[in-house]
Amino acid sequence: MNRILIAEDEPRLAAFLEKGLRSNGFVTTTVGDGAKAAMLADDEDFDLLVLDLGLPVKDGLSVLRELRAGGQRMPVIILSARDDVRDKVSGLEFGADDYVTKPFRFEELLARVRVRLRSEGIAEPTVLRSGDLTLDLRTRRASVGTSSIELSAREFTMLEVFMRHSDQVLSREQLLSHVWGYDYDPGSNVVDVYVGYLRKKLGRQRIETVRGMGYLMVAAPQ
Ligand code: CA
């Protein structure tokens with residue numbers, strides 16, 4: 001089980017990150033200021049740090065500089081609303097491994113977290129299977145049996161979320177936050193629209209509607 005330290009002072013975003021990472025099997029600890037982040041990152045055994053730049057007490061870049069100066073090699077992904085190129089460059093110069101600009105989709109961050117952990121030698125499957133349906137995450141190809149299915153980027157992401165949570169009911173809200181991001185309008189019907197697209201391409205029976213709760217991917221449709 002991988003442990004991730006989240007340094008983020010905005011409560012809503014911190015909660016969103018925590019929930020998303022936990023539902024994907026990570027153990028998380030969250031801190032709201034830079035001094036605590038630096039202290040915990042140094043004292044405890046984390047596999048990765050998600051670091052906001054605009055943090056109280058000590059800003060993210062100082063935290064990063066301090067950690068690297070002290071020989072701390074854990075992967076660091078900077079999360080910031082600053083899309084200024086100079087911030088990005090100094091973050092990477094100070095030893096960050098990656099940089100995600102807010103607003104972002106959760107799946108984008110998750111993919112980057114996985115890449116970083118993978119390069120640290122922690123294995124992740126690259127092909128997901130559900131019955132005769134396969135999704136190759138490396139080549140971004142989907143197929144049913146031997147025939148390949150054309151999917152848009154969004155459809156692919158939604159299908160990946162379903163397959164990572166097969167036999168689990170996913171609410172509209174969960175799908176929205178996984179596929180579209182935390183700042184998406186919760187009243188939108190975009191989830192239903194995309195479930196419709198996937199059913200059209202994969203067969204209606206593959207994704208069940210669970211009344212009042214959400215959707216469920218069925219591994220072996222009858
Ligand atoms: Ca902040």
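The structure holds 12 salt bridges, a salt bridge being a side-chain nitrogen of Lys or Arg within 4 Å of a carboxyl oxygen of Asp or Glu. This is a predicted model, in which local features need pLDDT of at least 70 and side-chain atom pairs count only at pLDDT 80 or more, while totals for chains, interfaces and linings use all residues. Residues are numbered from 1 along each chain as its sequence is written, and side-chain values use heavy atoms, with hydrogens and water left out.

**Salt bridges**

- Arg112 forms a salt bridge with Asp98, with 2.7 Å between the closest N and O atoms.
- This pair links distant parts of the chain, 14 residues apart: Arg112 belongs to helix H5 (residues 106–119) and Asp98 to strand S5 (residues 98–101). Helices (H or I, at least four residues) and strands (E, at least two) are DSSP runs, numbered from the N terminus.
- Asp98 counts as buried because its relative accessibility is 16%, whereas Arg112, at 25%, counts as partly exposed. The classes are buried under 20% relative accessible area, exposed over 50% and partly exposed in between (1.4 Å probe, protein chains only).
- Glu155 and Lys201 meet through their side chains in a salt bridge of 2.8 Å, N to O.
- Glu155 in helix H6 and Lys201 in helix H8 (residues 190–202) are 46 residues apart, and the pair links distant parts of the chain.
- Glu155 is buried, at 5% relative accessibility, and Lys201 is partly exposed, at 36% relative accessible area.
- A salt bridge also joins the side chains of Arg172 and Asp192 (2.7 Å, N to O).
- Because Arg172 lies in helix H7 (residues 172–179) and Asp192 in helix H8, the pair ties together parts that are 20 residues apart in sequence.
- Both partners are partly exposed: Arg172 has a relative accessible area of 38%, and Asp192 has one of 25%.

**Calcium site**

- Asp9 (OD), Asp52 (OD) and Gly54 (O) coordinate the calcium ion at 2.1 to 2.4 Å. Donors are N, O and S atoms within 2.8 Å of the metal (3.2 Å for Na, K and Ca); water is not among the atoms, so sites may look incomplete.
- The spacing of the donor residues in sequence is D-x42-D-x1-G.

- Four strands form an open sheet in the order S6-S7-S8-S9, with antiparallel pairing. Two strands pair if DSSP finds at least two bridges between them.
- Strand S6 (127–130) and strand S9 (147–149) are the edge strands, each pairing on one side only.
- Neighbouring strands of the sheet are turned by 25° against each other on average, direction ignored. Axes are lines fitted to C-alpha atoms, for helices over the stretch in contact, and angles run from 0 to 180 degrees between N-to-C directions.
- S6 pairs with strand S7 (residues 133–136) in the antiparallel sense over four bridges, and Val127 stands opposite Asp136 in S7.
- Helix H6 (residues 153–164) packs on the sheet, touching S6, S7 and strand S8 (141–144), and its direction makes about 115° with that of S7. Contact here means heavy atoms within 4.5 Å.
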